[in-house]
Amino acid sequence: MSAEAVGMHMPAVVTLDDVAAMNAADPNGHRYETSPEGVLSVMPPPDSEHATIASRLFAWLIVAGWPAEQVLQAVGVRIPGPDGDGGRIPDLSVWRKPPSRSVWAAVSDVVLVVEIVSPGSEAMDSVTKVREYASAGIPQYWVVDRDGAQTVTLHRLSGDGTYEARARMPLAWLLQTVPADHLD
């Protein structure tokens, strides 16, 4: 479909319901997200390396005792903003209690969100989502780079409402520790 055709069918304002419908209708597995300012993002489907990283982190958390219903892959999170809500779909999220059944869960019980950097998503994961997740009050945000070591940067929300990078380590090293060493 051409950009012109997409533009003719795109609503003037894209709501979270519109984004949910786009996610449900995409036959190729793209992820559609929107910022609180209304900027629409289209993410490519995850590849096998991306899926492997997410699975390894998921298993690490489950084996350590986090209940499966509190460690979720690709669940929508509602990101509040001054002029409306956005919706992001972190690669992995950890919750204090299971979120309510909805397409876009509230961030109030989120402990951690993890984004695995895909080709082309570096700025989104390292700048935009850092700002959005911090302003939403999510206590921790981890970014997994797809370098040779699959370096994980652990961000923690500071008293001024921004993230500070607490540690950077290879994924293999992180997985040799216990989640309780890193999560409150």
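Thirteen is the count to start from: this predicted model holds 13 salt bridges. Side chains of opposite charge can pair when their charged atoms come close.

Take Glu132 and Arg88. Their side chains meet in a salt bridge, at 2.6 Å from N to O. This pair links distant parts of the chain. Glu132 sits in helix 4 (residues 122–135), while Arg88 belongs to strand 5 (residues 84–88).

Glu132 has another partner. Its side chain also meets that of Arg131 in a salt bridge, with 3.9 Å between N and O. Glu132 has a relative accessibility of 1%, so it counts as buried. Arg131 reaches a relative accessible area of 45% and is therefore partly exposed. Shared partners extend the picture: salt bridges join Glu33, Glu37, Arg88, Glu115, Asp125, Lys129, Arg131 and Glu132 into one network.

Two members of that network, Lys129 and Asp125, pair within helix 4. Their side chains form a salt bridge at 3.7 Å, N to O. Four residues separate them, about one turn of the helix. Lys129 is buried, as is Asp125.

How far can the coordinates be trusted? The mean pLDDT of the protein is 92, and 94% of the residues score at least 70. Where pLDDT is low, the predicted coordinates should not be read in detail.

How values were computed: Residues are numbered from 1 along each chain as its sequence is written. This is a predicted model: local features need pLDDT of at least 70, side-chain atom pairs count only at pLDDT 80 or more; totals for chains, interfaces and linings use all residues. Side-chain values use heavy atoms; hydrogens and water are left out. pLDDT is the predictor's confidence in each residue, from 0 to 100. A salt bridge is a side-chain nitrogen of Lys or Arg within 4 Å of a carboxyl oxygen of Asp or Glu. Helices (H or I, at least four residues) and strands (E, at least two) are DSSP runs, numbered from the N terminus. Buried means under 20% relative accessible area, exposed over 50%, partly exposed in between (1.4 Å probe, protein chains only).
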